[in-house]
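Keep the chain letters in view as you read.

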Amino acid sequence: MESAGMKIVIDDRPVEVEEGTTILQAAKQAGLHIPHLCFHPAFVPEGSCRICLVEIEGLPKLELACATAVRDGMKISTQSPRVREARRGVLEFLMADHPLDCPICDKAGECKLQDYYQEYGLFEGAFKEAKEKRDKIIKIAEKLILDRERCILCTRCVRFLSEITKTQELGVFRRGIHSEISTYEDAPVQNNYSGNLVDLCPVGAITDTEFRFKTRTWFLAQSESICPLCSRGCNIYVDYHPGFTRIPGTAKIYRIRARENLEVNGRWICDFGRYGFPSLEKDRGDKILWKKEGRDTIMSWEKILSLLAEKLRPRHRTKNTSNIAVVANTWMTNEELFLFKKIFKDDLGLKKIFFADPRPGSGDGFLLQAERTPNARAAKEMGLELNPVNLDDLSKNTDVLIIFGPFLADLHDPSSLKNDLDKIRTKVLVSSHRSGLESYVDFILPASGILEKTGSLTNRDGLVQKFSAVCPPCGDSRPEWSVLIELAKELRINAGYYSRLTQPEVILKEMGKEIAFFR
Amino acid sequence: MIRSLGYFWELIKGSLITARHFVVNMWFHTLKLFGIKTKRRGAVTIQYPEQKKALASRHRSLQRLLKRQDLKPRCVSCMLCVTVCPSECIYVEAAEDPDPDIQKYPSTFIIDLSRCCFCGFCVEACPEDAIRMDTGKIDLAQSTRQDLIYDLDKLLK
Amino acid sequence: MDIVIVLIKIVLALVWFLVLTLYLTWLERKESAVIQDRVGANRASIFGIRILGLFQPFADAIKMIFKEDFVPAFSKKFLHTLAPFLSFFFVAICITAMPFGNDIMVGGRTISLQIFDANVGLLFVLAMLSLGIYGILLSGWASNNRYSLLGGIRGAAQLISYEVALGLSLVGLIMVFPSLKLSEIVQSQGGLLFGFLPKWGVFLQPLGFIIFLFAALAETKRVPFDLPEGESEIIGFFTEYGGLKWGLFMMTDFMEIIIVSTLLTTLFFGGWQVPWLSADGFQFPWGGQWQMARWLVIIFQVLAFNIKVFFFCWLQILIRWTYPRFRYDQLMDMGWKLLVPLSLVNIVGTGLLLMVIK
Ligand code: SF4
Ligand code: SF4
Ligand code: SF4
Ligand code: SF4
Ligand code: FES
């Protein structure tokens, strides 16, 4: 950078940038925002919207910041009256045929056009002519709806489909004022990344049916998280509505968006992850239950944990733990897997440790992985063997069984599951979702969903990514890490050690000390 | 001492004022009792449920939702009223209308009057002039909370 | 026979007292309303008949009777219940000493229109009034509530302070009508002063009257002396009371008004005396004369007593709806630095005057 450094001045701010940088990027480095609609960092600049105009000293005309590379000694002004006037003009043309849809437009609140109008526009429309009428509800994909009136023809969508997915389902058709975005001969957009078009479109021209009309963007609290649906570990935003006080069931997650992380997922996420979130919120278990003589009794955490500890403690004391079996899963966070290993493998010395994970699907060669669980790598790094559940081994000579997660139900057919589980006296289920396993066990402990807990996940490439809770735990549920710690305390094994581990961060630090991988 | 006497005088003056009010008002009350009509009345009270004052034209009373010509609600469920409402008493759920000119209409529209503070912000915020507070209805008390929850049907009436 | 007569007298006096109390609550509502250009309670009705809200006291009473009789946890249950009864009792008993009229002759018997004519009648009334403090103190303490306790303590301090001025202000009066017997005090107010002015206490003891008026107002614990209650700040010693027990406290308040009014009437405004009316008719100072039957005179006198009492009740309500509450230091200043010295001056002055006249 130093060698080929180019010294330029943007709005009296001197910056030094590499050769070949565009003015827009240079301004970004200098901490200035130049408005842009068609430019997107992932694509080659196109220069169609012309809102990024800036003034360069010595040049008679305004230039496009997104497409002009800097030259040494350039003096650029991004806010001069001429520039502002030009942007106003550009906006007025963009708006000339733009509908007044903001009240029903799902982009409103995060729409670039609205933002720039607030900043540079604020004009009374000078066009007295009626606005052009265009098709407003065009289904361009299974979940995508195009509104041609709102489209500003920035072609971001077209470029995404030709440069990133290379499927090229959309194009600009016809000329001049009649130009429009369209699919080829009604062949819909069909790829696993179509949802990104919604994020990408700077206005509300492309909306998805999952989010369409459900709520307004400004109600949503946006939190950073990690997608748990495959081992890629894509970075996401989770948009959560805290709910209306008097209306039950209004607190919920409304959408998932891609979060930029060039190391993992670039700027995109797949549709499998984006539209997979309803399954995370559906069928949640929220009550602590003890099926005492066939009747469901609602319990408190303190009571049920001490009850469980009573069952495990004598076996631990007599070092007779061979008839305890546990089933884990790799949806558990690093911290939880670590605690799991500590308690069941190291402290109790169990031999029968199994893993029940969702069945693998197929990858798509880009982001989506075949492995549909977010944390298998961590289990391997910890030295846990991912033994699949073998029902015979599981039930033979087993007195106490603890199952973490709901996935076991999908892996075996119900009748053999019931047959084998019936042989075991005490069965405990720690699960965030209802799966059918409830009917076979005696203790049901609700666990928090992955978006309700704080912790870290290790993706397939070994990258440890921290995330924090998006929403409060559902009902009485608690994250597994806290259940595990409380259980360890009740068992009175290594009390000093576990009572120190109060937060996921502390646990992660402790892991770093013990396992080099997590350092 | 002199000061206290001054206070004393003021005390007497004060009670003379109340006594004057008493005597004057009593006079008019008595005249009325004997059926003599006077321009002035003994009391300024309005006997509310029997006597009613005309509401000012900008008075904010019970909300109503306006209708389009085809009797569909004018509301496009933009939720701006939900956003602006300081008491968080409006709840709107949107649904898709097949008509591309309408697109969005409220499938649920609830105003919880037990929370409403009658600020009128919802009316100000509405971009469609779909909600107004001009029904003139002010006797809104109910004996159950449920009756204070106004839904789409009640609001469109 | 005597016992029957006394019983009848007790019943009559109590009925008079309680009915007046009941309607004083109505008067309070109405008078305050008229003062404030309002109408006042007028909705209570029986079968749609309202008559100026005269049924309001009954509505109030019914409401109070049917309210839950609540004793807060941690309070001293017995004392908590006892307190309102004490308050009520000590005020109610004062009425026994009040002379409603001159003696009457029925069937050869002389019956005084007074239940109990003790020769220390005045002291008896003062003593009973001071005993009322126990009700306040007990309620404040037994409720186990800080606000109640504050109210009770405030009440005790205020009543004890003003008791001093109250007692001292009457010393001059006792010197002038050398008696403690209330009937005698009234009797001696029958004469004329300078030939035309009724020989009422207020003319003989103007300063004493003013001090007594203030001190007595303070004794009733009503605005502007309502610090024990202080409804805008501490709610006072009856914070923890509800229903009928609270009703007793409220009635005590109104009964105190009546007792103060009867005292003012008896001591300073000639009791049942009507100016220039003697046993057989009016004798006007300008020379006229109007013969009257004996029973008519008695009726006149009893009426006069009642009218005077009503007037003072009215006046006290007027005062209550005129002034704001005193600050505590002002209250204490007025009691100890103004009223007590003034009453001492009054005593010395009266003594000197009496000496000179003798
Ligand atoms: S795209 Fe933006 S400006 Fe256009 S209607 Fe939607 S929110 Fe409004
Ligand atoms: S649909 Fe959106 S992204 Fe595509 S060209 Fe139109 S405005 Fe741009
Ligand atoms: S602001 Fe108006 S149009 Fe929008 S939801 Fe409320 S009533 Fe409907
Ligand atoms: S009047 Fe105010 S409080 Fe009531 S619904 Fe409208 S915005 Fe909400
Ligand atoms: S951002 Fe430069 S022309 Fe659109």
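Two salt bridges link chain B and chain A; the term means a side-chain nitrogen of Lys or Arg within 4 Å of a carboxyl oxygen of Asp or Glu. A:K133 pairs with B:D101 in a salt bridge whose closest N and O atoms are 3.3 Å apart. The elements of chain B that give two or more residues to the side touching chain A are α2 (80-84), β2 (90-96) and β3 (104-112). Here helices (H or I, at least four residues) and strands (E, at least two) are DSSP runs, numbered from the N terminus. β2(B) gives the most to that side, with five residues.

This is a predicted model: local features need pLDDT of at least 70, side-chain atom pairs count only at pLDDT 80 or more, and totals for chains, interfaces and linings use all residues. Residues are numbered from 1 along each chain as its sequence is written, chains are lettered from A and ligands numbered from 1 in the order in which they are written, and side-chain values use heavy atoms, with hydrogens and water left out.

Now the whole interface. Contact means heavy atoms within 4.5 Å. On that basis, 23 residues of chain B are in contact with 19 residues of chain A. The area buried between the two chains is about 1,800 Å², and carbon and sulfur atoms give 61% of that area. Buried area is the accessible area (1.4 Å probe) that two parts lose on being put together, summed over both. B:Y91, B:Q103 and B:K104 supply 32% of the area that chain B buries against chain A, more than any other three residues.

Turn to the other chains. Two pairs of chains are in contact, and chains A and B share the most contacts. Chain A and chain C have no contact; their closest C-alpha atoms lie 30 Å apart.

Chain B is divided into domain 1 (1-45) and domain 2 (64-156), with bounds from an automatic or database domain assignment. The centres of these two domains, taken over C-alpha atoms, are separated by 50 Å. Chain A has domain 1 (5-95), domain 2 (102-208) and domain 3 (289-518). In chain A, the C-alpha centres of domain 1 and domain 3 lie 54 Å apart.

Finish at ligand 4. It is surrounded by 14 residues, the closest being B:C85, B:C116, B:C119, B:G120 and B:C122; a residue counts as near if one of its heavy atoms lies within 4 Å.
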